[in-house]
Amino acid sequence: MPAQAMNFTGSFKIISNPSSSDLARLDRVCFHRPWEPSAFHSLLQTPTVWAWMLADEERSVGFICCQQTSQEAEVLRIGIIPEAGGKGLGRKLMSAMLEHIAAAGIKKVFLEVREGNTPARRLYEGCGFRQIGHRARYYNDPREDAIAYQWLRQETEI
Ligand SMILES: CC(C)(COP(=O)(O)OP(=O)(O)OC[C@H]1O[C@@H](n2cnc3c(N)ncnc32)[C@H](O)[C@@H]1OP(=O)(O)O)[C@@H](O)C(=O)NCCC(=O)NCCS
C-alpha cells in the first residue's frame, strides 16, 4: 500500500514477543546505521531485555528495546518507520515502556542520543527525560556529541 494511503490513526497494539527478524527489518527502515540482525538475535536471548513492537493486523510500524541493569534500565533503541512518524506512535510506545518499567519497581531510566536528533530529543523530553550529561564527540560516522538523559519514576505521596 502506498504510504499516503496508509491510515495510522488505527489502534496499534504492542507485541511483547517480536521475532529478531521483525526487529532487524524495522531497524533497517528506521536507522541510517542499522544493527546487524545477529544483534537483535542476541538481545532476545537476554532475559533482562524487553523488546516490543508496535503493530496492527496488517503492518508493524515501530519497536523499542530496553535493558534492565540492576535497579535501573536503559533504552537501547527506539524506532518508528518514517511514513508513520510524527503521529504520536513513538510517544505511545515509550510511555507504555516507561509504565512497564515503573511497574517493575525500576526508578531510573537512562539513554543517550545524538545531539542533532531533534525528533528523538523532543520525544524523550516530552516523556519526562531530563538532560544529565553531554559527551563530546561520542558518536562516529558522522562524529557527533551525545546527550545523556535520565528519567525518574514519579513517587506518589500519600
Ligand atoms: C525518534 C522517533 C522514534 C520519534 O517517533 P515519532 O512517532 O515520530 O514521535 P511522536 O510522533 O510520538 O512525537 C514525539 C515528539 O517528537 C516530535 N517529532 C516527531 N517527528 C519530528 C520531526 N521530524 N522533527 C521534529 N520533531 C519531531 C514531535 O513533535 C513530538 O514532540 P512534541 O511532543 O514536543 O510535539 C522517530 O523519529 C524515529 O524512529 N527516528 C529514527 C530512529 C531514531 O533516531 N531513534 C532514536 C534514537 S535510538
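**Figure 1. Overall fold of the protein chain.** Residues 24 or more positions apart account for 56% of the contacts in the protein chain with a separation of 6 or more, a contact being a pair of residues whose C-beta atoms, placed from the backbone, lie within 7 Å. This is a predicted model, in which local features need pLDDT of at least 70 and side-chain atom pairs count only at pLDDT 80 or more, while totals for chains, interfaces and linings use all residues. Residues are numbered from 1 along each chain as its sequence is written. The protein chain holds four helices and seven strands, assigned as DSSP runs (H or I, at least four residues, for helices; E, at least two, for strands) and numbered from the N terminus. Their order from the N terminus on is β-α-α-β-β-β-α-β-α-β-β. The C-alpha trace spans about 45 × 45 × 30 Å along its principal axes.

Figure 2. The mean pLDDT (the predictor's confidence in each residue, from 0 to 100) of the protein chain is 93, and 92% of its residues reach 70 or more. Over residues 1-5 pLDDT stays under 50, and for this segment the model has two contacts beyond four places in sequence. Where pLDDT is low, the predicted coordinates should not be read in detail.

Figure 3. M97 is in contact with W50, W52, I64 and C66, leaving aside its neighbours within four places in sequence.

Figure 4. L98 is found in helix α3 and counts as buried, with 20 C-beta neighbours inside 10 Å. Not counting residues up to four places away in sequence, L98 touches V109, C127 and W151. L98 and L152, which are 54 residues apart in sequence, have C-alpha atoms 9.8 Å apart in space.

Figure 5. I15 is found in strand β1 (residues 13-15) and is partly exposed, with 15 other C-beta atoms within 10 Å. W52, M53 and A55 are touched by I15 when residues up to four places away in sequence are not counted. The C-alpha atoms of I15 and L54 are separated by 6.1 Å, although the two residues are 39 positions apart along the chain.

**Figure 6. The shell around the ligand.** The ligand is surrounded by 21 residues, of which the closest are G85, G90, R91, P119 and R122; a residue is near a molecule if its C-beta atom, placed from the backbone, lies within 6 Å of it. β4, α3 and α4 (118-126) each supply at least two residues of this shell, and the largest share, six residues, comes from α4. The shell divides into nine nonpolar, eight polar and four charged residues, where Ala, Val, Leu, Ile, Met, Phe, Trp, Tyr, Cys and Pro count as nonpolar, Asp, Glu, Lys and Arg as charged, and the others, Gly among them, as polar.

Figure 7. R137, in strand β6, has a positive phi of about 50° although it is not a glycine, and with 9 C-beta neighbours inside 10 Å it counts as exposed. D141 is found in the loop between β6 and β7 and is likewise not a glycine, yet has a positive phi of about 55°; D141 is exposed, with 7 other C-beta atoms within 10 Å. A cis peptide bond, with omega about 0°, joins D141 and P142.

Conventions:
Buried ≥ 20, exposed ≤ 12 C-beta atoms within 10 Å, placed from the backbone.
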